[in-house]
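Please look at the sequence and the structure shown here before reading on.

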Amino acid sequence: MATEAIFASLRRRSSPSLDAFLTTTVNLSGVPLIQTLASISAEIISCFRGVRFCFQRRNSRSLIRKIEVLLVLFEYISDDSGLDSTAVLCFKELFLFLHRSKFLLHYCAQSSKLWLLLQNQSLSDFFHVLNRDICTLLDVLPVNSLNLSDDIREQIELLHQQSSKSTTLFVDHNDELLRDKFYSFLDGFEKGQIPNSEELRSFFVEKLEIRDPKSCSYEIEFLEEQIVNHDCDDLEPTSSLINGFVAITRYCMFLLLGFEDDGMEWSIENSKKQRKCLIAEEIVDTFMTLPKDFVCSISLSLMKDPVIVSTGQTYDRSSIVRWFEEGHSTCPKTGQKLVDSSCIVPNLALRNLITRWCAAMEFEDSPNESPASVLQSRASLEATKATVLILIQNLAGGSELAQIVAAREIRLLAKTVRKRGVLIGEAGAIPHLHRLLKSKNAVLQEHSVTAMHNLSVCEENRSLIMEENDCLESIVSVLASGLTLEARGNAAATLYSLSTVHEYKKRIANVDGCIKSLASLSRNGKPRGKKDALNALYGIWSHPDNCSQVINSGGVSAIVGALADEDEAVTERAAVVLGVVANHSLGAETIGKEESAVAGLIELMRCGTPRGKENAVATLLHLCINGGTVVVEKVVRAPALSDLTQKLVLTGTNRAKRKASSFLALVRKGCENTAMMRSGNREGSFRTHVSLPISIPVSVL
């Protein structure tokens, strides 16, 4: 039932104890049972008698009056220990009735106004069920055996009569009119027609009394929470409709209530509190993580046209075609020579899976976006479009506080749905965000650069950012000298996102101080910022013309240094990036010259996670293949290497086992070559004797 789903949502939101209440029996009887009933009844009356319910007013008042009569009964018989079995059974059922009543009243008192409005019919039905329950209980309650006074007996009989007469479901007509009005706004946006501002003001400000941004933000957050908790098919409205209502409410907040009083102190001292709120608002990022099999290992983006090459690996068509055009003839993941680089086969099965996943998750970047999906999201997008225009106006000419709020909202809007990001870019937000990157207000700068990063995730916006005059240089300036470490880290993330476009890699590397600033952040930033810096270095390195520049600017040294970082995730990311660098002969030789490189990788093999050990042995393998005899000798001399590698062969992941086996064979070969060279036999080099497949997995951000 819908009512059960409502209580399931309430249970998740605020009361874990409800689980026990619904699943356990009542173990009380006699006087303790009656006293407990009296206590619960008194608590309900005390908590809710003076509450001004926004909706379900009549139903709530009626239920409280019923409980007041029951309290009189409980207090009268609280010392009576001679209850018969029928009376005890009825009072146990009343115990459950009172708890359900308490939770329902609490739900109506604490939930957001808009959510109560949307649930109006379901909540009315639940009140009706409770009325039916009390009527049934009073039918079987043995009043004659309770020795009640005439006055109390009369009150119980009157309560019974009133409950028996209330046989029809009561739905407040005025509440239903408001609910219909809310749906009419949704219908208007669905048709591309923005409702009249006076109608919106009458609905939100005058009738619902949502009169300040703080109250409106609470309404939005509550509705968004229902989307997260929306795991019951019987709960109405659907997630798509709730998204539409959220977008309309957000539009009205900025249209009607303005920007000047957002309920927050926008200062750097309060930045931690802001970030806590942003984490809650961006929670969708947690459950919308792309399945790794759907991500192209070259572009690190969702594949739109997956194709299979002769090694059996799958890539996005545009990415693998560009890989071949750059002169490569090997598989990017395995390093194996491709028999025919022109032979690529569409992976229709994976394409269908991606399309179905996008439809199920309402992800806006599906390879085949269906008209139905577009229709369901149109109201939300139209309301968002209207909101974005207001936000951009305030970015351009609002007060500093208004600019902070506008930048924050654009940051959040661009975070979850890519189509929104495209919409924001097309509306002209990027030039204004660029200007605010130079702000001396730390909060404003951080929101602006983060919004820029979220916009850069959309392919369509990357060209707009790169074409904006001096915008790239401003991003690098924030990276080098941003007012907060978070701003610097998000600038690095923006550069990494931009570097996924091959044509931009060299231009990014050529910005003065870019690589040195990334190297500095990888050493001194926060864990998230360090990872973003390492990712950006990876993106820049992947252009052949940038390799020498990354080495000369200290990029490789910084990546090696990150192997010793205290944060496990940073260490693992460093190993992944080093694996990519070591796949290039110049990179492998440079890593080999770093005193701590081999020791750091071996330490990761000893103490890292299974994934970290896998990446470490893979990187050592690449070093030996591409680094020459000097590097091989350095690796071979490392203490405990053989034991750790043999252990990985037995206990590692499947990929780690393969890499470790190849590495052991390679080390043995290297030892033989070293012995031959020391004995005077100089025929051939190590590199000519070894040809092994390479696997370089790169995690998705």
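## Selected residues and charged pairs

Thr314 lies in strand β2, which covers residues 314-316; helices (H or I, at least four residues) and strands (E, at least two) are DSSP runs, numbered from the N terminus. This is a predicted model, in which local features need pLDDT of at least 70 and side-chain atom pairs count only at pLDDT 80 or more, while totals for chains, interfaces and linings use all residues. Residues are numbered from 1 along each chain as its sequence is written, and side-chain values use heavy atoms, with hydrogens and water left out.

With a relative accessibility of 18%, Thr314 counts as buried, a word that here means under 20% relative accessible area, whereas exposed means over 50% and partly exposed lies in between (1.4 Å probe, protein chains only). The side chain of Thr314 also makes a polar contact with the side chain of Asn347, at 3.1 Å. A polar contact is a pair of N or O atoms within 3.5 Å; within protein, one must be able to donate a hydrogen and the other to accept it, and residues adjacent in sequence count only if both atoms are side-chain atoms.

### Two loop residues with positive phi

Gln56 is found in the loop between α3 (30-48) and α4 (57-76), and although Gln56 is not a glycine, its phi is positive, at about 60 degrees. Asn147, in the loop between α7 (120-140) and α8, likewise is a residue other than glycine with a positive phi, near 55 degrees. Is each of these residues buried or exposed? Gln56 is buried, with a relative accessibility of 4%, whereas Asn147 is exposed, with a relative accessible area of 56%.

### Charge on the surface

A patch of negative charge on the surface is formed by Asp150, Asp151, Glu154 and Glu157. Patches are made of residues with over 30% relative accessible area and no salt bridge, where like charges are joined within 9 Å and nonpolar side chains (Val, Leu, Ile, Met, Phe, Trp, Tyr) within 5 Å.

### Salt bridges

Side chains of opposite charge can pair when their charged atoms come close. A salt bridge is a side-chain nitrogen of Lys or Arg within 4 Å of a carboxyl oxygen of Asp or Glu, and a search of the whole structure finds 21 salt bridges. Three of them are listed below.

| Acidic residue | Basic residue | N to O distance |
| Glu209 | Arg52 | 3.6 Å |
| Glu382 | Arg378 | 4.0 Å |
| Glu603 | Arg606 | 2.8 Å |

The salt bridge between Glu209 and Arg52 links distant parts of the chain, since Glu209 sits in the loop between α10 (197-207) and α11 (213-228) and Arg52 in the loop between α3 and α4, 157 residues apart. Glu209 counts as partly exposed at 31% relative accessibility, while Arg52 counts as exposed at 62%.

Glu382 and Arg378 are separated by about one helical turn, because they are 4 residues apart in helix α17, residues 371-397. Within this pair, Arg378 is partly exposed, with a relative accessible area of 36%.

Glu603 and Arg606 both lie in helix α32 (residues 597-607), 3 residues apart, about one turn of the helix. Glu603 is partly exposed at 38% relative accessibility, and Arg606 is partly exposed with a relative accessible area of 39%.

### Separations in sequence and in space

Tyr496, which has its place in helix α24 (residues 485-499), is buried at 6% relative accessibility. From C-alpha to C-alpha, Tyr496 and Ile508 are 9.5 Å apart in space, and they are 12 residues apart in sequence.

Glu221 lies in helix α11 and counts as partly exposed at 38% relative accessibility. How far apart in space are Glu221 and Val246, and how many residues apart in sequence? Their C-alpha atoms are 8.6 Å apart, and the two residues are 25 residues apart in sequence.

Val457 is placed in the loop between α21 (442-456) and α22 (459-467), and at 27% relative accessibility Val457 counts as partly exposed. The C-alpha atoms of Val457 and Val422 are separated by 9.6 Å, with the two residues 35 residues apart along the chain.

Definitions and conventions: Areas by Shrake-Rupley, 256 points an atom, 1.4 Å probe, with all protein chains shown as cover. Lys, Arg positive; Asp, Glu negative; His and termini not counted. Charge placed at Lys NZ, Arg CZ, Asp CG, Glu CD.
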